[in-house]
Amino acid sequence: MENKIIIVSGNTEREVSSVVGCQVEWLGTNGLLKIWEPFVIKGTKIQIGSDSSVEILQKCNVNNLFLRCAAQHSTVKIGERFSIESGRFILPKGMAQQTLVIGNDCLFSTNIFIQSSDGHAILDKNGNVINCNGGDVVVGNHVWLGNGVSVLKKAKIADDCVVGESSVVTKPFSRKGCILAGVPAKIVKVDI
């Protein structure tokens with residue numbers, strides 16, 4: 001099957017060959033990039049692997065993003081009214097069935113890094129793999145990521161949370177309405 005870029009306006013879908021402000025690179029076959037209007041995209045590069053899809057819902061403002069959905073059978077879904085100033089979202093090649101979900105009304109600052117796996121194996125002295133290959137990343141609705149935040153494999157951030165500058169989120173956080181900060185991130189304030 002062929003790769004497709006689809007623009008959705010209301011109930012109408014149209015296939016296009018390119019998107020202004022976005023360079024698309026196909027890393028396999030049967031890839032899909034689907035974007036809902038209205039949107040603003042500037043200085044962005046999206047790579048999509050075989051049988052994988054990237055969906056960007058309406059009213060998003062995407063600036064200076066490198067999004068690599070190279071993992072086969074993987075999905076990136078970005079919710080409505082998402083805004084980012086710059087970042088890198090990586091679902092590495094060689095992995096399969098990785099998922100990145102970002103909810104509605106999220107505000108991401110600059111230098112945001114999200115990765116669904118280690119990207120490579122780490123071996124012990126006997127040659128045994130000691131790291132986990134990866135896991136889905138989920139960011140809830142109405143989440144604010146400060147400058148330089150990293151969100152790593154298997155991390156989840158609940159709705160209505162703020163992640164402080166240069167923090168590294170390494171695990172699931174299910175409590176809503178809190179501030180996460182530190183390396184690794186932990187809850188530093190609740191009921192915000």
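Me: Which residue in β6 is the bridge partner of C22?

Reply: The model is a predicted one, in which local features need pLDDT of at least 70 and side-chain atom pairs count only at pLDDT 80 or more, while totals for chains, interfaces and linings use all residues. Residues are numbered from 1 along each chain as its sequence is written, and side-chain values use heavy atoms, with hydrogens and water left out. Strands here are DSSP runs of E with at least two residues, numbered from the N terminus, and two of them pair if DSSP finds at least two bridges between them. Strand β3 (residues 22–26) runs parallel to β6 and is joined to it by five bridges, and within β6 the partner of C22 is T44.

Me: On β9, which residue is the bridge partner of I48?

Reply: Strand β6 is also joined to β9 (residues 65–69), again in parallel, by four bridges. Within β9, the bridge partner of I48 is C69.

Me: How many residues of β6 are buried?

Reply: Buried means under 20% relative accessible area, exposed means over 50%, and partly exposed lies in between, with a 1.4 Å probe and protein chains only. Strand β6 covers residues 44–48 and is mostly covered, the number of buried residues among its five being four.

Me: In β24, which residue is the bridge partner of L180?

Reply: Strand β23 (residues 179–181) pairs with β24 over three bridges, and the sense of this pairing is antiparallel. The partner of L180 in β24 is I187.

Me: What is omega for the cis peptide bond that joins V183 and P184?

Reply: P184 is found in the loop between β23 and β24. The bond from V183 to P184 is cis, and its omega is about -5 degrees.

Me: What is the relative accessible area of D160?

Reply: D160 is found in the loop between β19 (156–157) and β20 (162–163). Although D160 is a residue other than glycine, its phi is positive, near 65 degrees. D160 is partly exposed, and its relative accessible area is 36%.
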